Amino acid sequence: MDFDLTDEQELIRETARKFTDEVVWERARENARRHHFDRDLVGLIADQGYLGAIVPQEYGGAGLDYLTYGIVVEEIGRGDSAMRTVISVQTSLVCSTLLKWGTEEQKRHYLPKLCTGEWLGCFGLTEPDTGSDAANQRTRARRTDDGWVINGAKMWISMGNHAKVALVFAQTDPELKHRGLACFLVDCDQPGFQPSEIHGKMGLHGSDTAAIALDDVHVPADAILGEVGDGFKVAMSALDSGRYSVAAGCVGICQGCVEESVSYAKEREQFGRPIGAFQLVQAMLADMKVRADASRLLVWRAGVLKDQGRPNTLETSIAKLYATESAVECANTAIQVHGGAGYVDDHPVERWFRDVRVTTLYEGTSQIQKLIIGRALTGLNALVGDEQLPEPVKAAAPA
Ligand code: COS
């Protein structure tokens, strides 16, 4: 086991850190204040190669491995969760899914434009009545002579108002349950695709979030990722990558909380000494540091497994669960260290506190991650109906 990064990884980290500090950081607060989705900043991020970080160079990407991608996402996540969300959606949910499930033609058509940021993509899985129970899609796809027609609705879709292409999950045959789902590549520039902005979010004010009505949306016959019936697997494999990037972004929040709190605790004086000299403040700093380091190591483990092509759903869920919950804790603790100063947006801790809250909800709640981990530990599925439980478990269940 070697915890040292290579020289190249160190250089990529330094570059991402500098870019975050000099470009992302100063715009993040203003964008949050104005509730502005900063398309220019997305362009600058694309110019850095971060939108297609894990896409091979032959398709216009940066060709990074997952571990290095995680390092970049950590740095951007420290600067701005709204822009980190753009990277997560574009790179992990859309590009990685195209890479894994797309035909050669689909890859060549979409990936170069997604990597440059010319096109944005969005991921249409969640619906008004379908969140954790992702297999239970109400959106319907009906076959026509020349393709498909989709009707339904999607909810909480990041970049839905700006996307050119949407991965839309829809049911083709309800009797087949999750094996009837398909993932369609939908052109957003058509009248039936109707996104609207969701207002009133607690955080991520610099991020675009849409509700999307799908009203007789047309899709050509060949605009499917994988086969009809593969949709659920496509979604789950996308989330293996998406959850990794959310976790990596949360490592950045934990790290930012440590750095800002240490710096503030050394400057701020009370009772005639820096507050960092008090044991109770040091305890808070130590708690944040442990969470930042442990989260990072869990993310790196998941990244290494991905790079080795080994199964990693469990390890990704562990990293997502721990890093997101830790980032919520760290943001809360960092405000405690800052006192009243942390309650206004002069310091980034205020924004981190609001922005981080969604990370234990989206791309699988903490409860879903625990169920995935619990199932791996026991071999028992806590999500299925009683009739599908094995006999001994049924017998042991209370009447
Ligand atoms: N990659 C590829 N395929 C996968 C997979 C993965 N990571 N995980 C599961 N699958 C496949 C299984 O192999 C199985 O295939 P078969 O149909 O051939 O048997 C199929 O998908 C069903 O798997 P499983 O039985 O695990 O499905 P469940 O209904 O038990 O899954 C959970 C339940 C909770 C894991 C799933 O619904 C889930 O992750 N929900 C949360 C959704 C979510 O995160 N939403 C937020 C979106 S914000 S973008």
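What follows is a conversation about helix packing, loops, salt bridges and a surface patch.

Visitor: Before we begin, what kind of model is this, and what pLDDT do local features need?

Guide: This is a predicted model in which side-chain atom pairs count only at pLDDT 80 or more, totals for chains, interfaces and linings use all residues, and local features need pLDDT of at least 70. Residues are numbered from 1 along each chain as its sequence is written, and side-chain values use heavy atoms, with hydrogens and water left out. To your question, then: a predicted model, with local features needing a pLDDT of at least 70.

Visitor: Thanks! How are α1 and α2 oriented to each other, roughly parallel or roughly antiparallel?

Guide: Helices here are DSSP runs of H or I with at least four residues, strands are runs of E with at least two, and both are numbered from the N terminus. Axes are lines fitted to C-alpha atoms, for helices over the stretch in contact, and angles run from 0 to 180 degrees between N-to-C directions. On that basis α1 and α2 (residues 39-47) pack at about 165°, with their axes 11 Å apart. Angles under 35 degrees count as roughly parallel, over 145 as roughly antiparallel, 65 to 115 as roughly perpendicular and the rest as oblique, so α1 and α2 are roughly antiparallel.

Visitor: And α6 with α7: is their crossing left-handed or right-handed?

Guide: The axes of α6 (residues 231-267) and α7 (residues 279-307) come within 9 Å and cross at roughly 155°, and the two helices are therefore roughly antiparallel. A crossing is left-handed if the near helix is turned anticlockwise from the far one by less than a right angle, and right-handed if clockwise. For α6 and α7 the crossing is left-handed.

Visitor: What is the phi of lysine 177?

Guide: Lysine 177 is found in the loop between β4 (165-171) and β5 (181-187). At 61% relative accessibility, lysine 177 counts as exposed. Although lysine 177 is not a glycine, its phi is positive, at about 50°.

Visitor: Which residue forms a salt bridge with aspartate 38?

Guide: A salt bridge is a side-chain nitrogen of Lys or Arg within 4 Å of a carboxyl oxygen of Asp or Glu, and a search of the whole structure finds 22 of them. In this pair the closest N and O atoms are 3.0 Å apart; aspartate 38 lies in the loop between α1 and α2 and its partner in helix α1, so the pair ties together parts that are 11 residues apart in sequence. Aspartate 38 is buried, with a relative accessible area of 3%. Its partner is arginine 27.

Visitor: How many residues apart in sequence are the parts tied together by arginine 29 and aspartate 346?

Guide: The side chains of arginine 29 and aspartate 346 meet in a salt bridge at 3.9 Å, N to O. Arginine 29 lies in helix α1 and aspartate 346 in the loop between α8 (313-338) and α9 (348-356), so the parts they tie together are 317 residues apart in sequence.

Visitor: Why are lysine 289 and aspartate 293 separated by about one helical turn?

Guide: These two form a salt bridge, with the closest N and O atoms 3.1 Å apart. Lysine 289 is partly exposed, with a relative accessible area of 39%, and aspartate 293 is also partly exposed, at 29%. Salt bridges that share partners join both into one network, with Arg13 and Glu259 among the other members. The separation is about one helical turn because they sit in helix α7, with a spacing of 4 residues.

Visitor: Last one: how much accessible area do Met1, Phe3 and Leu297 have together?

Guide: Patches are made of residues with over 30% relative accessible area and no salt bridge, joining like charges within 9 Å and nonpolar side chains (Val, Leu, Ile, Met, Phe, Trp, Tyr) within 5 Å. Methionine 1, in the segment before α1 (7-34), counts as exposed at 94% relative accessibility. Accessible areas come from the Shrake-Rupley method with a 1.4 Å probe, and for residues only the protein chains shown count as cover. Together, the three form a nonpolar surface patch of about 410 Å².

Note on methods: Buried < 20%, exposed > 50% of the residue type's maximum accessible area, 1.4 Å probe, protein only.
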